[in-house]
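User: I would like to learn how to read a protein model feature by feature. Please give the general idea each time, then the case here.

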Amino acid sequence: MSGLDEISEEERVRIASDFIMAAPPGEFKEVVNDVRILLGDDRLLTRASSVFYDYATEQFTSVKVDGVDCLVTKPGSVDNAKRFVDPTTNKVFTYNFLKNEASEVEDAERDMSVETWREAVQSALKAYLDEVYPAHVSAVYATMNKDNVDLTICLEDHKYNPSNFWNGKWKSKWDVSFPTAGGFGKVTGAMRVQVHYYEDGNVQLLTSKQVDDSIQLSSPVEGAANIVEFIKAAETAYQLAINENYSTMSNTTFKALRRNLPITHALIDWHKLHSFHVGKDIMNR
């Protein structure tokens, strides 16, 4: 009996689910195909597919809906399964997780009580995104919660280059809550960067940061400008911190991992390595 056969079906499904959830950006289908081979049982893969929703929404997966890039997110979920709404185009669609395709597209109903705020933020956000993100996709969701307006802003940009063995994604989520009459509101943000490099190896970067503060939201136009300014400042600081950290690691941490030269303080001529007889000398002793 092989080691895999000794593992219960429940444990195999759990392990498969963990593999799928850990798939790097841009490699979801490849990981699912590999997991299918490992399981050797499509029945178990079907059970593990329950995490497809969590993976797609956590990654802010982008999909074309009537030719427009839209996001698959939990704030945009209609049924907590496969139906999602895009607030920009006001379309509801069914998402196919494996094919990364949208179907059954329909018009959605807008909540006009918060639409002025949502549109103001979406409009102010575009100029910032066009400036710093080459291929950004965003969504601004707005709901009324008693006497408060709740905004959720999801941002995503990625670059996939599998032919050169690397993929990367930047995403951030911003929640803003404030009284309908305006005033000060609370904003919380979570930023995350994930990069996978896998040429002759397997190296991943996964870093995240959370921030929070209060901002002035007296009117939709002023409030939207303040929200975008806060996002811009926070994301710029995060980017600079990542750059500084890598510069420091290059000069200190990476160099500490190995000697600059062997203990002989001389470079090894690898082309003449066959002439070294260290092993034989040790055996002769």
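User: Where is Asp66 found?

Analyst: This is a predicted model. Asp66 is found in the loop between strand E1, residues 61–65, and strand E2, residues 68–72. Its phi is near 50 degrees, a positive value in a residue other than glycine.

User: Is Asp66 buried or exposed?

Analyst: Compare the relative accessible area with the cut-offs: buried is under 20% and exposed is over 50%. Asp66 has a relative accessibility of 58%, so Asp66 counts as exposed.

User: How far apart are Gly201 and Phe165 in sequence and in space?

Analyst: Sequence separation and spatial distance are read separately. Gly201 and Phe165 are 36 residues apart in sequence, and their C-alpha atoms are 9.7 Å apart in space. A second pair is Leu206 and Gln194, which are twelve residues apart in sequence and 4.5 Å apart from C-alpha to C-alpha. Leu206 lies in strand E10, and at 53% relative accessibility Leu206 counts as exposed.

User: Which side chain does His196 contact?

Analyst: The side chains of His196 and Asn202 are joined by a polar contact of 2.7 Å. His196 belongs to strand E9, residues 183–197. A relative accessibility of 7% is under the 20% cut-off, so His196 counts as buried.

User: What does the side chain of Thr57 reach?

Analyst: A side chain can also contact the backbone, and Thr57 is a case: its side chain reaches the backbone oxygen of Tyr53 at 2.8 Å. A polar atom of the Thr57 side chain also lies 3.2 Å from the backbone oxygen of Asp54. Thr57 is found in helix H4, residues 52–58. At 3% relative accessibility, Thr57 counts as buried.

User: Which residues of H5 are buried?

Analyst: Among them are Val114, Trp117, Arg118, Val121, Gln122, Leu125 and Leu129. Glu115, Ala120 and Tyr128 are buried as well.

User: How many aromatic pairs does a search of the whole structure find?

Analyst: The search finds twelve aromatic pairs. One of them is Phe84 with Tyr95: the ring centres are 6.5 Å apart and the planes are at 80 degrees, so the pair is edge-to-face. Phe84 lies in strand E3, residues 83–86, and Tyr95 in strand E4, residues 91–96, so the pair ties together parts that are eleven residues apart in sequence. Phe84 counts as buried at 0% relative accessibility, and Tyr95 counts as buried at 4%.

User: What is the arrangement of the rings of Tyr95 and Phe97?

Analyst: Their centres are 5.1 Å apart and their planes are at 85 degrees, so this pair is edge-to-face. Phe97 counts as buried, at 16% relative accessibility. Tyr53, Phe84, Phe93, Tyr95 and Phe97 form one aromatic cluster.

User: Which residue lies over the face of Phe60?

Analyst: A ring can also have a charged side chain over its face. Here Lys171 lies over the face of Phe60, at 4.4 Å from the ring centre.

User: How many disulfides are found in the whole structure?

Analyst: A disulfide is a covalent bond between the sulfur atoms of two cysteines. A search of the whole structure finds zero disulfides. Two cysteines can still be read for burial. Cys70 is buried, with a relative accessible area of 0%, and Cys154 also counts as buried at 0% relative accessibility.

Notes. Residues numbered from 1 in each chain as written. Predicted model: local features only at pLDDT ≥ 70, side-chain atom pairs only at ≥ 80, totals over all residues. Heavy atoms only, no water. Buried < 20%, exposed > 50% of the residue type's maximum accessible area, 1.4 Å probe, protein only. Helix = DSSP H or I, 4+ residues; strand = E, 2+ residues; numbered from the N terminus. Disulfide = S-S within 2.5 Å. Phe/Tyr/Trp six-rings, centres within 6.5 Å; stacked < 30°, edge-to-face > 60°. Lys NZ or Arg CZ within 6 Å of the ring centre and 35° of its normal. Polar contact = N/O pair within 3.5 Å; in protein donor to acceptor, adjacent residues only side chain to side chain.
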